[in-house]
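Reader: Can you walk me through this one? I'd like the main features, quickly.

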Amino acid sequence: MSPKPRGECPGASFCGHSPASREETTMHDHRRLGRELNLFDTDPLIGAGLPYWLPDGAVVRHALEEYVRAAERRAGYRHVYSPVLGKRELYEISGHWAHYSDDMYPPMDIGGEQVVLRPSLCPHHAVMYRSRAHSYRELPLRMAELGAMYRSELSGVLGGLTRVRAIQLNDAHIFCTLDQVAEEAAASLEMIRRAYEAMDVVPVRYRLSLPGPGGKYVAAPEMWERSTALLTEVLDASGLAYEAAEGEAAFYGPKIDVQVADGSGRESTLSTVQIDFHQPERFDLHYIGPDGAKHRPVMIHRSVIGSVERAVAHLLERHGGAFPAWLAPVQVVILPVSEGDVPHAEALAARCVARGLRAEVSGPERGTLGARVREARLVPYQAVVGVREAADDRLALRLRGGRRLAAAPAEGMLDRIEALVGSHSSELWPDASPAVSGE
Ligand SMILES: [Zn+2]
């Protein structure tokens, strides 16, 4: 992980923070930035806690979703889709109705049946697992979905992307044998570590979330002991420092929570890994073992980036809009010096777009070159093109933050940008690697 050097925070000038301390230079109000950068907004007519995503915000979200889906494919997950509604009975079986109904929307009556907006994806995935017979050879079976769930938050607590009523969750359920649990949970933690490295996000702490007093939790002491022991084993083996916290578990089991903090130090959970013996029991899940008999799988619930809402909120607060290049709404801005350089600038932008990069031309109609450079200060790669650059097809790049690179043949520079974006680098131009194509 490469933390931002002190003082380097291009977003700071944008949101007017004085760079007095590291905290101030790296933390921003995501609601204000979301509106100012045209990423997302809300409208009272749509309703509180129901943000909509504008094109630049949708780009950031797509990039995150594509990153997660590709990482999951590489890690052996298969993706599914399941409906956002389910019958009340489904949540009675899962235990949500008994333990979680305060956060659920009231059921809707449809033709004598009661259906509910789902408060989580787990029950659907459990039913989908159950719909086919499974052999031990298929385990661990990793089922992933980036899907919507709904939480009946009170309007008083809603704001920005952190407290919302409709949530897009990066979710997955791993159905496995007891022997496979530790390895799968550890692999999930490793996926989380890599995602944070790519997003240049640093957790404030890892938390082992245990049940607390009260009737919120499923009563099965032996099950809690077993799953807590497994998660403790995983955390100890990982070498990560963690703290145990009572009263933070899911109603069906303990979890590892990866905590991040906003500018005022308020913590929230971004990623989780949970062990669940409860829902496999409730849904009567099984697999056929090597002995030909039925066995109960364990269910691991895990989320790498959490909800896209919270992930983008935290990215904004951490980077102030100066996202790692692979997440930036515009990755390359081409700045023609004068009107005569516009055709070459447009051709250059088209070459970027053909490579899958997000590029745009900021021409003289938008003001002086200095004004345009200032306007594009959050764009990771900025290329000023004049007569000389057009004549020999060279690119003089300026990186976000002000660093200038020596002019070099455009194809090689674009190769490098494409490779850095494609590898989800959190650094704009690492010095160690070669300056041209071929990585
Ligand atoms: Zn789940």
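This is a predicted model: local features need pLDDT of at least 70, side-chain atom pairs count only at pLDDT 80 or more; totals for chains, interfaces and linings use all residues.

Reader: Fine. How is the chain split into domains?

Author: The assignment gives domain 1 (10-319) and domain 2 (325-422). Their centres, taken over C-alpha atoms, are separated by 38 Å.

Reader: Let's go to strand β16. Is β16 largely enclosed or open, and why?

Author: Enclosed. Strand β16 covers residues 332-336, and five of the five residues are buried, so the rest of the structure largely encloses the strand.

Reader: Which residues sit on which side of β16?

Author: Val-332, Ile-334 and Pro-336 are on one side. Val-333 and Leu-335 are on the other. Both faces are covered. As background, side chains in a regular strand alternate between the two faces of the sheet.

Reader: Which strands does β16 pair with?

Author: One is β17, residues 359-361, joined to β16 by three bridges. Another is β18, residues 381-385, joined to β16 by five bridges. β16 runs parallel to β17, and β16 also runs parallel to β18.

Reader: Give me residues I can click on. What does Val-333 pair with in β17?

Author: Glu-360 is the bridge partner of Val-333 there. For β18, look at Val-332, which stands opposite Tyr-381.

Reader: And what do β16, α12 and β17 make together?

Author: A right-handed β-α-β unit. Helix α12 spans residues 342-354.

Reader: New topic. What is the strand order in the sheet with β4, β5 and β6?

Author: The order is β4-β6-β5. It is an open sheet of three strands, with antiparallel pairing.

Reader: Which strands are at the edges, and what does that leave?

Author: β4 (85-87) and β5 (108-110). Each has a single partner strand, so one side of each is left without a neighbour in the sheet.

Reader: How much are neighbouring strands turned against each other?

Author: By 40° on average, direction ignored.

Reader: How many bridges join β4 to β6?

Author: Three, and the two strands run antiparallel. β6 covers residues 113-117. Leu-85 stands opposite Leu-117 in β6.

Reader: Now the backbone. Where is there a cis peptide bond?

Author: From Leu-139 to Pro-140, with omega near -5°. Pro-140 lies in the loop between α7 (122-130) and β7 (141-150).

Reader: Which residues other than glycine have a positive phi?

Author: Asp-200 is one of them, with phi near 55°. His-424 is another, also with phi near 55°.

Reader: Where does Asp-200 sit?

Author: In the loop between α8 (181-199) and β9.

Reader: Is Asp-200 buried or exposed, and why?

Author: Buried. Asp-200 has 20 C-beta neighbours inside 10 Å, so it counts as buried. The cut-off for buried is 20 or more.

Reader: And His-424?

Author: His-424 is in the segment after α15 (410-422). It has 19 C-beta neighbours inside 10 Å, so it counts as partly exposed.

Reader: Last one. Where is Ala-220?

Author: Ala-220 is in the loop between β9 (205-210) and α9 (221-238). With 15 C-beta neighbours inside 10 Å, Ala-220 is partly exposed.

Reader: How far is Ala-220 from Ala-182?

Author: Their C-alpha atoms are separated by 21 Å. Along the chain, Ala-220 and Ala-182 are 38 residues apart.

Note on methods
Residues are numbered from 1 along each chain as its sequence is written. A residue is buried if 20 or more other C-beta atoms lie within 10 Å of its own, exposed if 12 or fewer, and partly exposed in between; C-beta atoms are placed from the backbone. Helices (H or I, at least four residues) and strands (E, at least two) are DSSP runs, numbered from the N terminus. Two strands pair if DSSP finds at least two bridges between them. A crossover is right-handed if, with the strands pointing away from the viewer, the path from the first strand over the helix to the second runs clockwise. Axes are lines fitted to C-alpha atoms, for helices over the stretch in contact, and angles run from 0 to 180 degrees between N-to-C directions. Domain bounds come from an automatic or database domain assignment.
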